[in-house]
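Good morning, and thank you for coming. I would ask everyone to look at the model on the screen while I go through its sheet, its helices and a few single residues.

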Amino acid sequence: MNADLHCHSVVSDGTLTPEALAERAKTNGVELWALTDHDEVGGQDRALAAARAHGLPYLTGTEISITFANQTVHIVGLGFDAHNTALVEGLRRTRGGRSERAQEMSDGLAKVGILNAYEGALQYVGNPELISRTHFARHLVETGVCSDTSEVFRKYLTEGKPGYVPHRWARLQEAVQWITDAGGIAVIAHPARYGFSPNEEYALFSEFKAHGGRGVEVITGSHSSQEAVRYAETALEFDLVASRGSDFHSPTESRIDLGTLPFLPGQLTPVWQLLADRIQ
């Protein structure tokens, strides 16, 4: 199935509305779609309505930021009740530190001569609670500081650079519990991106499974074909279902468009098989 279960709208750090994403997904042949905005479910009702208007099967989604082994890891939730009180409140608390962090990022950039970056980044934010490094990157590109967002991250927004400020997110157990208690399935997003040592990665998957996590993204926009093979093997090793998602943010920024990923390897169980009764 051409399922795309990971993308972002203007509700977090994407550049398209939920409605435009639904239309793009349908045009690109997506057969099952989920909008997974960062730490937010505020776009879910719009996404569902737009999907229905296009006759596009839909799963609720979000991407929760957690801290594990002193770095940020993302957990995708799929097929949950988007109005679940504990989930909504947990995400609200997770978003809470972003504004303070953004001000600190702006202060760091000011020290190297890039002034008013916070105000500039706000121009690209659909939801001020969700201001992120991506919004700063877009501002620095637009003002000519860098030629593209990759250059911004490399020079200014990664660890050790002037605009980098770490954030303490939710704990792994909390994120998995919010998702599962709301009736959904928790999935480790794009695991190759974290650069964990073998021991750290084993600990992540072991703890995730112990807390009730059920899936892993095998096919995603940032995985090479070799990484897809590696995490297909990891899914089998830990008895996890497999997910697939482009992690699409923008027509001009994303490596992979909605609906254009390779298919999941045949030996894996797709996450949507466990969520058949939650597809809307």
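Let us begin with the sheet. Five strands form an open sheet, in the order E3-E4-E5-E6-E7, and the pairing is mixed. Strands here are DSSP runs of E with at least two residues, helices are runs of H or I with at least four, and both are numbered from the N terminus. Two strands are said to pair if DSSP finds at least two bridges between them. The edges of the sheet are strand E3 (61-68) and strand E7 (241-245), each of which pairs on one side only. From one strand to the next, the twist averages 40°. As background, strands of a sheet pair through backbone hydrogen bonds, either parallel or antiparallel.

A word on the source. This is a predicted model, in which local features need pLDDT of at least 70 and side-chain atom pairs count only at pLDDT 80 or more, while totals for chains, interfaces and linings use all residues. Residues are numbered from 1 along each chain as its sequence is written, and side-chain values use heavy atoms, with hydrogens and water left out.

Now let us follow the pairing across the sheet. E3 and E4 pair in the antiparallel sense over eight bridges, and Thr67 stands opposite Thr72 in E4. Strand E4 (residues 71-78) also pairs with E5 in the antiparallel sense, over four bridges. Here Val76 stands opposite Val187 in E5. On to the next pair: E5 and strand E6 (residues 215-220) pair in the parallel sense over two bridges. The bridge partner of Val187 in E6 is Gly215.

Which way do the residues of strand E5 (residues 185-188) point? Ile185 and Val187 point one way, Ala186 and Ile188 the other way, and all are buried. Buried means under 20% relative accessible area, exposed means over 50%, and partly exposed lies in between, with a 1.4 Å probe and protein chains only.

In strand E4 we find Ile75. With a relative accessible area of 0%, Ile75 is buried. Ile75 and Glu217 are 142 residues apart in sequence, and their C-alpha atoms are 9.7 Å apart in space.

We turn to the helices. E5, helix H9 (residues 198-210) and E6 make a right-handed β-α-β unit. Right-handed means that, with the strands pointing away from the viewer, the path from the first strand over the helix to the second runs clockwise. The axes of H9 and helix H10 (residues 225-237) come within 11 Å and cross at roughly 45°. These axes are lines fitted to C-alpha atoms, for helices over the stretch in contact, and angles run from 0 to 180 degrees between N-to-C directions. H9 and H10 are therefore oblique to each other. Angles under 35 degrees count as roughly parallel, over 145 as roughly antiparallel, 65 to 115 as roughly perpendicular, and the rest as oblique.

Finally, two loop residues. Most residues other than glycine have a negative phi. Asp39, in the loop between strand E2 (32-33) and helix H2 (44-53), has a positive phi near 50°. Asn70, in the loop between E3 and E4, has a positive phi of about 65° although it is not a glycine. Are these residues buried or exposed? Asp39 counts as buried because its relative accessibility is 0%, whereas Asn70, at 72%, counts as exposed.
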